[in-house]
Amino acid sequence: MRRRPAGLAHAQKKERQDRDFQQIGDSMAAKELEHLQRQMDIFKQNLEEFAWKHRHEIKKDPQFRAHFQRMCANIGVDPLASNKGFWADMLGVGDFYYELGVQIIEACMRTRTRDGGLTDLQELTVRVDRMREKEGQKRQEIVEDDIIRAIHTLKPLSGGFEVLTLGAKKMVRSVPNELDKDQTSLLLLAQGSGFINFKLVKNRLRWDDPRIHKGLDQLLQDGLVWIDEQCTDEKDYWVASYFAMLD
């Protein structure tokens, strides 16, 4: 009888071992996935019980609401942004953030001609809170975290709403125009005094003259700055959104 080459037998044995290891690995992965799914189901059940127990705090306490949202985000649940289903019925908030988003749009439109569509987040929060108070919604206090989450719900509208970080400030942009690198640098420079001018930019940023003129003119064109021509030396460009101008 002819014997098969040793190399072939070894290869076949290794193939069987690889197949066995693959089956064992698939079985372990399936069990691990099943275990994780059970843990997730338990966690969601506990989350629902927690939400029911603390539903009043979630609706009325903005800090508690923010912590609850972060906890939900860890498992992919966004209860306060839902306008139907179990979470909306249980918490009684319905389309909380969609309603807040509409109020944010209204607040930004009121000052767009003054600040060029770039509003300080803290100022916007105070302004929207006052609007809600006038509309009889003061029972549900809001904070900056609520404004940020509501702005995220506005993204499908393609209106340019976005939260930007400029140095130490958080700003809300409500126009489609994006800030370029030079505009951002000029706005950051203005945070110290609220204004910039040609000489200040020249000394601090070391730009050449055409670049300075172009940057300042672009800010003016976009409505992000006002010109103070009463200065005897040169024009000062004041950033309107850095000053509180509440209705």
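**Helix packing and cavities**

Mentor: Let's start with helix α5 (residues 96-115) and helix α6 (residues 121-134), which pack at an angle of about 110° with their axes 10 Å apart. Keep in mind that this is a predicted model, where local features need pLDDT of at least 70, side-chain atom pairs count only at pLDDT 80 or more, and totals for chains, interfaces and linings use all residues. Residues are numbered from 1 along each chain as its sequence is written, and side-chain values use heavy atoms, leaving out hydrogens and water.

Trainee: Okay! What counts as a helix, and how do you get the angle?

Mentor: Helices are DSSP runs (H or I, at least four residues), numbered from the N terminus. Axes are lines fitted to C-alpha atoms over the stretch in contact, and angles run from 0 to 180 degrees between N-to-C directions.

Trainee: So is α5 roughly perpendicular or roughly parallel to α6?

Mentor: Because of that angle, α5 is roughly perpendicular to α6. Angles of 65 to 115 degrees get that label, while under 35 is roughly parallel, over 145 roughly antiparallel and the rest oblique.

Trainee: Which residues of α5 and α6 meet?

Mentor: Among them are Phe 96, Leu 100 and Ile 104 in α5, and Leu 124, Val 128 and Met 131 in α6. Contact means heavy atoms within 4.5 Å. By class, the contact of α5 with α6 has eight nonpolar, two polar and five charged residues. Nonpolar covers Ala, Val, Leu, Ile, Met, Phe, Trp, Tyr, Cys and Pro, charged covers Asp, Glu, Lys and Arg, and the others, Gly among them, are polar.

Trainee: And how do α5 and helix α7 pack?

Mentor: α5 and α7 (residues 144-153) pack at about 90°, with axes 8 Å apart. That makes α5 roughly perpendicular to α7. In this contact, Phe 96, Tyr 97 and Gly 101 are among the α5 residues, and Ile 147, Ala 150 and Ile 151 are among those of α7. The classes here are eight nonpolar, two polar and two charged.

Trainee: New topic: how many cavities are there?

Mentor: The whole structure has three cavities of 30 Å³ or more. A cavity is a set of points on a 1 Å grid over the protein atoms alone where a 1.4 Å probe fits but cannot get out. Points are joined across faces, edges and corners, and the volume is the space filled by probe spheres set on them.

Trainee: What lines the largest cavity?

Mentor: That cavity holds about 60 Å³. Its lining includes Gly 116, Arg 173, Asn 177 and Leu 224, where lining residues have an atom within 4 Å of a point. The lining divides into four nonpolar, four polar and three charged residues.

Terms used
On a 1 Å grid over the protein atoms alone, a cavity is a set of points where a 1.4 Å probe fits but cannot get out, and a pocket is an open set with protein on both sides within 12 Å along at least five of seven lines; lining residues have an atom within 4 Å of a point. Helices (H or I, at least four residues) and strands (E, at least two) are DSSP runs, numbered from the N terminus.
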